[in-house]
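Subject: Structure for your review

Hello,

Here is the structure I said I would pass on. My notes on it follow below.

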Amino acid sequence: MAEYHLQPIAQTNENVESLTPLSPSPEGWVTCVLADFDAFLQDHASAEKKASGMALSMVSHYPDQPALVQAMVDLAVEELNHYKEVMRLLMTRQISPAADRKDPYVTRLNKLVRKDAAFFLLDRLLVGAIVERRGAERFSLVADHVADPDLKKFYAAIAKSEDRHWHLFIQLARDLCSHLPVDSRFCELAELENTLVKELPLRAALH
Ligand SMILES: [Fe+2]
Ligand SMILES: [Fe+2]
């Protein structure tokens with residue numbers, strides 16, 4: 001299989017040691033994914049496409065914030081590259097892409113975003129960080145457990161990329177919202193997310 005050109009976003013040196021740690025995904029999650037890997041790939045493709053769209057929506061919402069615009073344009077391209085690679089995997093396996101469905105995990109997290117303009121950017125960035133952090137953990141689990149060596153390599157590369165993304169969102173939140181309590185809000189959201197992943201039913205899907 002070809003080398004992956006995922007256009008990685010540069011690693012930031014954010015100190016994340018003091019933030020609420022991620023609780024591990026339920027043990028059965030990766031078993032569920034491996035039991036229907038075709039469905040997982042379909043869902044993964046949708047998730048990458050939505051991630052790209054989310055980054056572009058940030059550009060539309062904050063055209064006056066050049067650092068954010070640049071980061072989100074780069075992110076949108078990188079997520080679209082992930083999408084392209086997952087679509088290639090689907091097509092190689094002759095699996096049709098599935099229609100996009102609402103992701104219950106993302107829906108629940110988005111409800112935590114405060115709509116007040118004073119907090120909206122901070123919460124969107126932090127929810128972004130949280131979703132990326134969970135994605136990095138789960139893709140890494142797939143890389144550890146999938147048998148196919150090409151898929152192993154692919155998911156290890158994707159996990160690294162998503163790991164950089166969550167650091168990027170933390171950096172943007174700290175840089176652009178330094179007048180607000182960024183880290184404590186992250187910890188609040190991260191605790192809710194740790195509970196949420198224990199509650200949601202297991203599916204052959206990213207969430
Ligand atoms: Fe991605
Ligand atoms: Fe990402």
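I begin with one helix pair. Val30, Val33 and Leu34 in H1 make contact with Leu141, Val142 and His145 in H5. Of the residues in this contact, 5 are nonpolar, 1 is polar and none is charged. Please keep in mind that this is a predicted model.

As for the geometry of the pair, helix H1 covers residues 28-35 and helix H5 covers residues 117-145. Their axes come within 10 Å of each other and cross at roughly 65°. The H1 and H5 crossing is right-handed.

Now the protein as a whole. What is its secondary structure made of? There are 7 helices and 0 strands, and the order along the sequence reads α-α-α-α-α-α-α. The radius of gyration is 17 Å, and the globule rule also gives 17 Å for 207 residues, so the protein is as compact as a globular protein of that length. The C-alpha trace spans about 50 × 35 × 30 Å along the principal axes.

Two further figures describe the packing. How much of the protein counts as buried? The share is 33% of the 207 residues. Among contacts with a separation of 6 or more, 79% are between residues 24 or more positions apart.

That is what I have on this model.

Regards

Note on methods:
Residues are numbered from 1 along each chain as its sequence is written. Chains are lettered from A and ligands numbered from 1 in the order in which they are written. This is a predicted model: local features need pLDDT of at least 70, side-chain atom pairs count only at pLDDT 80 or more; totals for chains, interfaces and linings use all residues. Helices (H or I, at least four residues) and strands (E, at least two) are DSSP runs, numbered from the N terminus. The radius of gyration is taken over C-alpha atoms; the globule rule is 2.2 Å times the number of residues to the power 0.38. A residue is buried if 20 or more other C-beta atoms lie within 10 Å of its own, exposed if 12 or fewer, and partly exposed in between; C-beta atoms are placed from the backbone. Two residues are in contact if their C-beta atoms, placed from the backbone, lie within 7 Å. Axes are lines fitted to C-alpha atoms, for helices over the stretch in contact, and angles run from 0 to 180 degrees between N-to-C directions. A crossing is left-handed if the near helix is turned anticlockwise from the far one by less than a right angle, and right-handed if clockwise. Ala, Val, Leu, Ile, Met, Phe, Trp, Tyr, Cys and Pro count as nonpolar, Asp, Glu, Lys and Arg as charged, and the others, Gly among them, as polar.
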